[in-house]
Amino acid sequence: ISVACACVSGQCVLCAWFMELQPPGLAQLQEYLRDAAQHVQKRLSQNDSPTPLQVQAFVKSLVKGLSRLIDGAPQQILAGVQSAFRGFWDFESNAASPGAASAVMGVQHLVYILQKLENTFLRGQQVMEAVQAELTHQAIRKKIAQVAFHDHSRVLQLGNKGGMELLGAEVRISRRLAGDRSHHVFHWKFNLGGQQFFGSAPYWDDRFDYAVQDGRQFQQVECRAHESHA
């Protein structure tokens, strides 16, 4: 459901409501959604992922605010807002929906809800792309930490032009030795909404001999360490 309307007369129900909602009403609604997205983005950028209970508390507050802002709106608008929460949250009762989905509600569900809301109101998409990008960066770092050194090439698809899929994004990952040969560095890139994002993270493996300084020997050590994990 979109709030866009083909009517040019300004006489339909949607047009009338949006004319009434023009600043400060409409601006307040858009600012509210933007602030919510930026709050989530800030926490993710600080590697501060909320717990499921914290997500539920945030959604409860979000629904309370939205209910106040769209009070008196036509049914089409109410349905558009409520549809963003369907399957995760009961908008009318402002409580978690019964079922498995709400029981494990996490930050990825919150990001999905905010994206749906901003798509409906056609504003602030750049903010949610930034939130989704930060969530993808976190998923990549977590994936790297979970995979054993000897499985990096296979699981992380190192050097594979097609990359691997994480949270709906095609991620291309590479691993290199740092310039001072004291550790490895992972680099990755992915696209979201036509924009390319890049990231990197240092990596140390306890079984890898970083002490060898000669370049050729160092490369051989990396190969042996790789094989020793197999």
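In what order do the four strands of the open sheet follow one another? In this predicted model, local features require pLDDT of at least 70 and side-chain atom pairs count only at pLDDT 80 or more, whereas totals for chains, interfaces and linings use all residues. Residues are numbered from 1 along each chain as its sequence is written, and side-chain values use heavy atoms, with hydrogens and water left out.

The order is S3-S4-S5-S6, with antiparallel pairing. Strands here are DSSP runs (E, at least two residues) numbered from the N terminus, and two of them are taken to pair if DSSP finds at least two bridges between them. S3 and S6 (195–203) are the edge strands, each pairing on one side only. On average, neighbouring strands of the sheet are turned by 35° against each other, direction ignored; the axes are lines fitted to C-alpha atoms.

Strand S3 (residues 164–166) is joined by three bridges to S4 (residues 169–177), the two running antiparallel. Within this pairing, glutamate 165 has glutamate 170 of S4 as its bridge partner, and leucine 166 is partnered by alanine 169. The S3 and S4 hairpin has two residues between the strands, and leucine 167 adopts a positive phi near 50° there.

On to the next pair, S4 and S5 (residues 184–192) run antiparallel and are joined by six bridges. The bridge partner of leucine 177 in S5 is histidine 184. In the hairpin of S4 and S5, six residues lie between the strands, and arginine 181 takes a positive phi near 60°.

Methods: Axes are lines fitted to C-alpha atoms, for helices over the stretch in contact, and angles run from 0 to 180 degrees between N-to-C directions.
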